[in-house]
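The exercises below are to be worked through with the sequence and the structure in view. Each task is followed by a solution in steps.

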Amino acid sequence: SKLKTQLEMCKRDTGRFSRLYLACQSREGRVDDFFAHENQPFPPSLSQGGSFRSCKKSDVVGCMLKDDIATPSCLPLVDAIVLDGSAVVHMLDPKSSKTFSDYIHNIFIPFIQAQLSRTQRVDVVFDVYQATSLKQGIRQRRGTGKRRRVEPTSIVPTKQWKDFLRVDANKTELFELLVSSIAAMAVGNKRVFSTCGAEVLSSDSAFNLANFSPCSHEEADARLILHAHHAANANLKNIAIRTVDSDVVVIAVSAYTSIGADQLWVHYGTGRNITFIPIHEIARSLTPLQCQALPFFHAFTGCDTVPFFVCRGKRTAWDLWQTFPDVTEAFTECLQESDALSPECVALLERFVILLFDRTSGSVDINEARKLIFTQKRRSLENVPPTKAALEQHIKRVYGQRQPAQHQFLLTRVSGDG
């Protein structure tokens with residue numbers, strides 16, 4: 001079984017590490033040099049059998065929702081609703097629909113109309129799937145399905161709906177059909193916007209879309225924020241975003257002051273696990289620097305394309321951040337556009353990771369901390385911090401992506417300042 005394989009690998013690696021450490025002592029080797037190397041192909045604190053360590057990234061939402069922040073039982077009245085189109089399609093089961101035309105006209109369009117009935121504007125934002133995307137590997141690990149032609153008269157795979165949605169080409173063709181149907185809706189004096197690839201389509205053909213179309217972002221995450229900002233600029237100050245992705249919550253908190261809304265809500269989750277998150281309240285409960293640093297904190301401590309530190313989830317990292325506020329400056333520096341990070345920034349990140357593994361450690365050098373944690377705390381091989389070299393690669397991975405921070409560029413573009 002998978003658990004048995006992991007146990008055997010852990011025992012083997014622990015034994016190897018112990019023998020190497022003893023050999024280093026008996027042969028007058030330099031112990032410090034020994035702990036400065038991982039001594040195996042992948043750092044076990046970040047990797048398991050060559051694959052990224054994972055955890056519940058959605059725990060970050062619970063971290064931000066403090067006890068004094070109330071979440072209502074239903075969504076308050078809002079002026080505009082921005083929908084994550086991909087999430088909506090996953091939520092709307094085709095049920096008894098025979099063809100895609102049935103699904104569109106009997107399930108999807110009625111859902112959009114229901115949203116529009118309670119607000120003045122609805123935006124539907126779809127993902128774009130690129131073969132070279134970092135997310136491609138993540139999607140493949142979630143499973144594969146069968147490629148199907150998606151046309152109005154094509155049969156809907158009702159029993160294999162989830163498998164159908166695992167194929168990027170299937171979703172791309174389905175989204176195109178949905179967008180054309182949205183564009184044909186009769187909306188009266190209200191407005192509906194939808195995305196098709198990089199373009200944005202409007203129910204009002206005379207509306208000027210130059211401010212936010214085209215947009216080259218693949219993920220809907222940042223584009224949801226862009227559309228929220230566009231709605232706020234149109235004097236629609238109470239806005240809701242519908243999503244199931246905690247990344248959107250993180251970006252929304254970080255970008256709240258730039259969006260320009262009075263109230264910004266995220267209708268988050270599905271089924272019995274729905275929460276109406278007051279982004280405006282969360283943003284006010286944090287300092288401006290914390291809001292700015294939040295996307296890097298979220299990525300650095302583990303997300304879809306960055307590994308988690310072993311047994312150190314979002315709650316542990318969040319609690320540490322609150323007691324070690326100095327690292328906030330390092331998080332914010334990592335979001336700036338520059339060719340390299342300052343030594344002070346790297347040192348703060350290093351100290352943060354040391355404390356993540358040992359709150360009582362006084363070490364500022366992570367290789368020294370590895371030695372002390374292993375010898376004095378008697379931790380297993382995988383339960384010591386990564387080496388300095390491995391941590392630098394981890395930092396570079398997060399720093400090199402920084403995609404959540406690009407919402408700042410998008411907001412600047414919409415406001416006409418850049």
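**Exercise 1.** Which residues form one aromatic cluster?

*Solution.* The model is predicted, so local features need pLDDT of at least 70 and side-chain atom pairs count only at pLDDT 80 or more, whereas totals for chains, interfaces and linings use all residues. Residues are numbered from 1 along each chain as its sequence is written, and side-chain values use heavy atoms, with hydrogens and water left out.

Step 1. Rings of Phe, Tyr and Trp (its six-membered ring) pair if their centres lie within 6.5 Å; planes under 30 degrees apart count as stacked, over 60 as edge-to-face and the rest as tilted.

Step 2. One cluster is made up of F296, F297, F300, F309, W318, W321, F331, F352 and F357.

Step 3. Above the ring of F297 sits the charged end of K314, 5.9 Å from the ring centre. The criterion for a charge over a ring is NZ of Lys or CZ of Arg within 6 Å of the ring centre and within 35 degrees of the ring normal.

**Exercise 2.** Classify the ring pair W161 and F164, and then the ring pair W321 and F331.

*Solution.* Step 1. The structure holds 18 aromatic pairs. With centres 5.3 Å apart and planes at 20°, W161 and F164 are a stacked pair.

Step 1. Both W161 and F164 belong to helix α7 (residues 161-164), where three residues, about one turn of the helix, separate them. Helices (H or I, at least four residues) and strands (E, at least two) are DSSP runs, numbered from the N terminus.

Step 2. W161 counts as buried because its relative accessibility is 2%, and F164 is likewise buried at 2%. Buried means under 20% relative accessible area, exposed over 50% and partly exposed in between (1.4 Å probe, protein chains only).

Step 3. The rings of W321 and F331 have centres 5.5 Å apart and planes at 80°, so this pair is edge-to-face. Since W321 lies in helix α13 (residues 314-323) and F331 in helix α14 (residues 327-333), the pair ties together parts that are 10 residues apart in sequence.

Step 4. W321, at 1% relative accessibility, is buried; F331, at 0%, is buried as well.

**Exercise 3.** Describe the largest nonpolar core and the surroundings of L349.

*Solution.* Step 1. A nonpolar core is a set of buried Ala, Val, Leu, Ile, Met, Phe, Trp, Tyr and Cys residues joined through side-chain atoms within 4.5 Å. The largest has 78 residues, and F300, F331, L349 and F352 have the most contacts inside it.

Step 1. Helix α10 (residues 246-259) supplies the largest share of this core, nine residues.

Step 2. With neighbours within four places in sequence set aside, L349 is in contact (heavy atoms within 4.5 Å) with F296, F300, V327, A330, F331, C334 and I395.

Step 3. Another core lies apart from this one; its 37 residues include I81, L92, I107 and V150.

Step 4. In soluble globular proteins, nonpolar side chains tend to be buried together.

**Exercise 4.** Determine how strand β3 is enclosed and paired.

*Solution.* Step 1. Strand β3 (residues 80-84) is largely enclosed by the rest of the structure, because five of its five residues are buried.

Step 1. Both faces are covered, with A80, V82 and D84 buried on one side and I81 and L83 buried on the other.

Step 2. Two strands pair if DSSP finds at least two bridges between them. Strand β3 is joined in parallel to strand β4 (residues 121-125) by five bridges. Across this pairing, A80 stands opposite R121, and V124 is the bridge partner of L83.

Step 3. Four bridges join β3, also in parallel, to strand β7 (residues 238-243), where A240 stands opposite I81.
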